[in-house]
Amino acid sequence: MLKALVKKLTEAAVSVLPVALLVLILNFTPILSLSWQEAVIFACSSIALIVGIALFNLGADIAMTPMGEQIGSGLSKTGKFKTLLIICFLMGVFITIAEPDLSVLASQVSGVINSTALTVAIGMGVGMFLVLSILKIVFRVSLSHMLTFFYMLLFALVTLLIVQGKENFLPLGFDSGGVTTGPITVPFIMALGVGVSAILGDKRDRESSFGFIALCSIGPILAVMILGLTADKTPDLLITESNYAMQLNQAPQVLLHTLKNVAIALGPIVIFFFILQAIFMRSSKRKVKQIVFGILYTFVGLVIFLTAVEIGFMPVGFTMGAQLSKSNEAVMIAFAFVLGFTVVFAEPAIHVLNKQVETVTGGAVSKRSMLIALSVGVGLSIGLSVIRVIYGFSLLYYLIPGYFLSLGLSFFVPKLYTAIAFDSGGVASGPLTSTFILPFIIGLCFAMHGGDSSFVLTDAFGLVAMVAMTPLITIQTLGFKAVVTKHVREKIAMKRILEADDEQIIRFL
């Protein structure tokens with residue numbers, strides 16, 4: 001166990017240090033000016049973040065992933081299909097309510113919409129689409145066809161919101177789809193997909209175990225859109241600089257609050273798992289003991305992680321954005337790209353996804369190529385988001401062509417690449433996106449409009465949606481490139497055969 005922990009600490013350090021060093025180096029340039037106290041708190045928060053991510057990843061490996069696989073395969077083996085669907089729906093709701101990214105987003109928009117209503121609606125959306133994901137495997141439905149249908153439905157709801165004059169809900173709605181696929185949700189849902197696919201799916205179809213995250217990202221967007229359609233008024237968001245102030249003296253209160261939230265969030269998942277364990281699965285005592293230790297690691301890791309981002313990362317992100325607003329536009333956009341390219345390395349769920357992709361594809365899609373594609377995609381998304389803040393145009397100018405391009409590519413690339421791409425989109429928008437990059441964009445928008453927060457909801461929010469969308473294009477482009485390269489090679493080989501001299505042909509007559 002100690003060896004595994006050391007390995008996770010090393011991986012976490014490699015992930016977080018680029019972001020931390022980038023911020024600390026910028027502190028010696030005109031772009032960023034932190035006080036010595038802020039710099040020290042940020043450095044300490046970075047160390048805590050490394051420990052938190054390492055413990056969480058270790059917990060995910062020995063608890064959350066095995067839990068998902070056991071529930072998926074164990075319930076599938078019982079042959080009780082209706083029971084499987086009901087339990088997966090409930091687990092989708094519980095696992096989403098436990099998602100720290102969602103609680104962070106809900107806290108930042110509590111002035112716009114009731115946090116409890118938002119969280120429950122999003123949880124119901126994930127639960128319903130988790131059920132649809134299982135039905136996709138059972139009935140061998142094409143992921144491309146399902147994605148096309150539901151995104152068409154999604155944009156129909158977008159049109160209704162615009163007609164009703166409630167377009168302010170759009171950025172929040174699309175962001176909700178990204179924040180629900182975070183450090184708790186991704187390992188569990190992906191493992192559940194592998195477990196169900198192993199029993200009920202076509203073993204020759206490598207794509208069947210992917211696509212769960214992609215579909216579960218749509219449910220929350222639809223849920224928030226429906227909330228928007230039933231709302232009485234157009235929302236507005238009021239924030240001040242004090243919302244993102246770095247207050248070290250409140251660290252004990254933040255820690256206790258985080259302990260309570262994580263315990264409440266993880267509690268239903270753990271209780272529900274052990275009920276299922278007693279009734280359906282009945283794993284060995286050794287396996288159950290391993291999962292208990294993994295849950296403890298996950299709990300401690302999440303508490304440390306969330307405390308560190310609230311005390312150190314959110315305030316620094318807001319301050320960076322506010323101070324960067326004084327630079328010229330080219331510097332803002334370039335810096336945003338570098339920040340996005342770097343921050344992907346610190347997302348815990350990214351490494352879970354990359355490892356599973358390399359395993360399932362037998363090395364055909366390597367962790368390195370996935371990481372580069374995701375980094376470029378996220379860097380582009382944050383750069384484009386800064387352009388939107390500068391010029392103040394609608395998020396739909398990005399999302400409509402972006403999703404149409406993504407869905408169009410899905411019909412020309414191997415199904416496996418499409419499934420991986422749409423899963424990656426949800427995974428890329430992880431904890432650091434909502435706790436560091438989003439405050440950065442909010443700070444930039446807030447400062448550029450002279451402290452007027454009325455522009456934040458329309459111009460700054462939508463960042464998470466952008467981060468979730470661009471990997472769909474970059475990774476499917478990898479697949480398209482692979483298809484074109486294979487076609488060109490086959491064409492060249494055929495041309496050489498046809499142009500070969502008769503003397504080089506051996507005749508067996």
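**Overall architecture**

Analyst: The protein has 20 helices and zero strands in its secondary structure. Please keep in mind that this is a predicted model.

User: How much of the protein is buried?

Analyst: Of the 509 residues in the protein, 56% are buried. The accessible surface comes to about 21,300 Å², and carbon and sulfur atoms account for 67% of that surface.

User: And what share of the contacts is between residues 24 or more positions apart?

Analyst: Among contacts with a separation of 6 or more, 87% are between residues 24 or more positions apart.

User: How many salt bridges are there?

Analyst: The count comes to one salt bridge. It joins the side chains of Lys8 and Asp61, with 2.5 Å from N to O. Lys8 belongs to helix 1 (residues 2–26) and Asp61 to helix 2 (residues 36–78), so the pair ties together parts that are 53 residues apart in sequence.

User: Is Lys8 buried or exposed?

Analyst: Lys8 is buried, because its relative accessible area of 12% falls under the 20% limit.

User: Let us change topic. Which residues of helix 10 are buried?

Analyst: The buried residues of helix 10 are Ile218, Gly219, Pro220, Ile221, Leu222, Ala223, Val224, Met225 and Gly228. The cover over these buried residues includes helix 5 (115–138), helix 6, helix 7 (169–179) and helix 9 (212–216).

User: What span should helix 10 have?

Analyst: Helix 10 (residues 218–230) has 13 residues, so at 1.5 Å a residue it should span 18 Å. The end C-alpha atoms of helix 10 are 19 Å apart, which agrees.

User: You mentioned helix 6. What does Leu154 touch?

Analyst: Leu154 lies in helix 6 (residues 143–163). Apart from neighbours within four places in sequence, Leu154 is in contact with Phe174, Ile221, Leu222 and Met225.

User: How many residues apart are Leu154 and Met225 in sequence?

Analyst: Leu154 and Met225 are 71 residues apart in sequence, while their C-alpha atoms are 8.3 Å apart in space. Leu154 itself is buried, with a relative accessible area of 0%.

User: Where is Thr96?

Analyst: Thr96 is in helix 3 (residues 81–97). Thr96 has a relative accessible area of 0%, so this residue counts as buried.

User: What does the side chain of Thr96 reach?

Analyst: The side chain of Thr96 reaches the backbone oxygen of Gly92 at 2.6 Å. Beyond residues up to four places away in sequence, Thr96 touches Leu102, Ile122, Gly123, Val126 and Thr180.

User: What about Gly195, then? Which residues does it touch?

Analyst: Gly195 is in helix 8 (residues 185–200) and is buried, with a relative accessible area of 5%. Leaving out residues up to four places away in sequence, Gly195 touches Glu69, Gly72 and Ser73. Gly195 and Leu75 are 120 residues apart in sequence, with 9.3 Å between their C-alpha atoms.

User: I would like to turn to the loops. Where is Ser410?

Analyst: Ser410 is in the loop between helix 16 and helix 17. At 5% relative accessibility, Ser410 counts as buried. Its side chain reaches the backbone oxygen of Leu407 at 2.4 Å. Ser410 is also in contact with Ser144, Thr418 and Gln476, leaving aside neighbours within four places in sequence.

User: Is Phe412 buried or exposed?

Analyst: Phe412 is exposed, because its relative accessible area of 57% is over the 50% limit. Phe412 is found in the loop between helix 16 (396–409) and helix 17 (415–428).

User: Which residues form the nonpolar patch on the surface?

Analyst: The nonpolar patch is formed by Phe411, Phe412, Phe480, Val484, Val488 and Ile492. Together these residues have about 550 Å² of accessible area.

Note on methods. Residues numbered from 1 in each chain as written. Predicted model: local features only at pLDDT ≥ 70, side-chain atom pairs only at ≥ 80, totals over all residues. Heavy atoms only, no water. Helix = DSSP H or I, 4+ residues; strand = E, 2+ residues; numbered from the N terminus. Buried < 20%, exposed > 50% of the residue type's maximum accessible area, 1.4 Å probe, protein only. Polar contact = N/O pair within 3.5 Å; in protein donor to acceptor, adjacent residues only side chain to side chain. Contact = heavy atoms within 4.5 Å. Patch = residues over 30% accessible without salt bridge, like charges linked within 9 Å, V, L, I, M, F, W, Y side chains within 5 Å. Areas by Shrake-Rupley, 256 points an atom, 1.4 Å probe, with all protein chains shown as cover. Salt bridge = Lys/Arg side-chain N within 4 Å of Asp/Glu carboxyl O. Expected span 1.5 Å × (residues − 1).
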